[in-house]
Amino acid sequence: MAITSIKNLKEFSTNNDRFEGAHTLCPGCAHSMIVRELMNCTDDNLVMTANTGCLEVSTAVYPFTTWDTSWMHIGFENAASSVTGSEVMHRVRKKKGTLPDPDAPVKFVAWGGDGSTFDIGFQWLSGAMERGHNFVYVCLDNENYANTGGQRSSATPIGSTTSTAPAGTHSYGEKQKKKDIVAIMAAHDAPYVAQLAPNKWKIMAKGFQKALDTEGPCFINTVSPCCTEWRFDPKDTITITDLATDSLMFPVYEIINGHELNILYRPKNVLKVEDYLGAQGRYKHLFKAENKHVIDKIQKDINEYWDMLQRREEARI
Amino acid sequence: MSELREIVSTGNELSALAGVDAGCTFFAGYPLTPSSEVMHSISDYLPKVGGTCIQMEDEIGAICAVIGAGMAGVRTMTGTSGPGMSLKAENLGLAQMAEVPLVCVNVMRGGPSTGLPTRVSQGDIAQAKTPSHGDYKSITLCAGNLAECYTETVRAFNLADRFMQPVFVLLDETIGHMHGKAMVPTVEDVKKGIVPRKIFDGAPEDYRPYGVEQDEPAVLNPMFEGYRYHFTGLHHDGKGFPTEEIETCRKLIERLFKKVEDYQDEIESNEEYLLEDADILIIGYGSSSLAVKEAVDVLRADGVKVGMFRPITLWPSPEKRMYDLGQKFKNILTVELNQGQYLEEVQRATGRLDINKLTKTNGRPFSPQDIIDKVKEVF
């Protein structure tokens, strides 16, 4: 069972820190906040795998490791597959009685960035969700390949400029809509799927605990603002996340058993998406007159999606 | 020789520029260090000439998109590094079997597996010979300086259309990220040198894309133009339909070899540096050859007569020339950033096992001093 108290931030911060300081993530990177929060919200043993990405390269720089748990990195795309092997063998050895401490609770967690979750690792993740392993997959969604130079991914929103979908005279940047990974994962009939944000730390910690305590494959998409590629001041990470959740660019919600949708955070004052876009350098070109239609499109998509979420919550489908 | 123009750029960017100048209108790729700049720059160049650059969801998707676009008759390209080559392998085999021309730039990094993503290696030489399972004859070019990142990429496009198969251009991290001046042919000269892919213009009912002479490549007409045929990775007959017929299967694989082997002179290319009066022969390629060249100059200033042989076309290897050099030189040293992948080819071609090797696999390039020390040590 997960750790008891997450009443307030001060108390939560006194939990035993299992994601220790020796990492080389950018100052202002939200990855470390999210990972630390998951690891500190449980006392259970953790077995973790990671896809290649910022998190992996920055937390295991020889001769240091940031992980106070079992942790392995195999390749770009296969965290979900490698956690499969570990989870199955744990089950088998438990059944055969060959574990030294068969009753010790163990939780399996796989980490991926949006590149390895939405793109190259998608098939592997889908396979693991379908087979129904008992694990939690957490996607650190910073909407680009931040580890390799800021290329687009299928999580990159319309209008954002990236190194492989650059904005300029011939283009306003990314032209495709972001893949709805939460809906896709919920369609696997997963017992618990959620989209969470680090600014709503309590909701996030509870979501992690819920996922860790749920039997079966769980998926959590977390928004992880990337100051380097989104181009904002590193001190503003949480402010940007606030703008993301309050403009409903990132609605915070969960889907239980594939159909029971609960909205976890309803902003009191819904902000216009301009406030969110204007705070980041990657959307700067959208404020030129010829690109105004892109902002309108983004706002329209957000409104429609929020409307859909509310209707689904009410209808329980 | 016609006039050259001066470009200040990096190896990766020159390779992308060469693709566009050589008429490539389709690029599909996946970001992979240290080759990402090839895609970064071509995603900027291609829209301006009406071309398309797609970032795919993975390496396998990238090579398949390139094969699809190649079937539509256009010049296509992809860029990657070792791990990407491993993922692409299956479909590179398909492109060899179905004879689809494409250019694949591999900017080599340390391996195996994730290896040393941001460091140099020449570890994919053996892989380039046969990236996938099965029998075929690879064409692999290796750029040894900035200008060649451009010229060899251009040549790769012409060879791909001539021999109807994938052509690999090997760069490495050092040369891919090297920034400097390159003297390269003008766009007009590059355009003049383009030999378009062969097209069958008879009646559609007579069209047999794979029903060609034993030393010829397939003639694949572009899609959408009324010439129908079957496309498969299975053994196939003249019309492209799967078959297990004994003679057809034998002839197909023999032809995949013969179409390259019989015209090896068209593909072969190498550089010989101060070999005439040399006593010691150093064989090196790619970025290592830059260090070799400097070492040769330094050693010669000291009175040691050294020369360099640099294969530019690695596969098929310049085996006859290497055999002759093996007869002429008693003292031979190979220099490569792997544990001796091309050394094995040199041993095979020369028929000798007494060849010295200098290897390095720590992710760092050679310094000329490494080579000078080795020459003084062994000869």
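1. The radius of gyration used here is taken over C-alpha atoms, and the rule for a globule is 2.2 Å times the number of residues to the power 0.38. For chain B of this predicted model, which has 379 residues, a compact globule would have a radius of gyration near 21 Å, and the chain's 21 Å therefore agrees with that expectation.

2. Chain A passes the corresponding check, because a compact globule of 317 residues would have a radius of gyration near 20 Å, and the 19 Å found for chain A agrees. Along the principal axes, the C-alpha trace of chain A spans about 70 × 50 × 40 Å, while the C-alpha atoms of chain B fill a box of roughly 70 × 45 × 45 Å.

3. In secondary structure, chain A comes to 12 helices and eight strands, whereas chain B comes to 14 helices and 15 strands.

4. As for burial, 58% of the 317 residues in chain A are buried, and 57% of the 379 residues of chain B count as buried. Among contacts between residues at least 6 apart in sequence, 71% in chain A join residues at least 24 apart, and for chain B the share is 75%.

5. The accessible surface of chain A is about 13500 Å², with 54% of that area belonging to carbon and sulfur atoms; for chain B the surface comes to about 15100 Å², with 52% belonging to these atoms.

6. On charge, chain A carries 34 positive and 38 negative side chains, with the centres of the two sets 2 Å apart. Chain B has 38 positive and 54 negative side chains, and the centres of these two sets lie 2 Å apart.

Notes
Residues are numbered from 1 along each chain as its sequence is written. Chains are lettered from A and ligands numbered from 1 in the order in which they are written. This is a predicted model: local features need pLDDT of at least 70, side-chain atom pairs count only at pLDDT 80 or more; totals for chains, interfaces and linings use all residues. Side-chain values use heavy atoms; hydrogens and water are left out. Helices (H or I, at least four residues) and strands (E, at least two) are DSSP runs, numbered from the N terminus. Buried means under 20% relative accessible area, exposed over 50%, partly exposed in between (1.4 Å probe, protein chains only). Contact means heavy atoms within 4.5 Å. Accessible areas come from the Shrake-Rupley method with a 1.4 Å probe; for residues, only the protein chains shown count as cover. Lys and Arg count as positive and Asp and Glu as negative; His and the chain ends are not counted. The place of a charge is taken as NZ of Lys, CZ of Arg, CG of Asp or CD of Glu.
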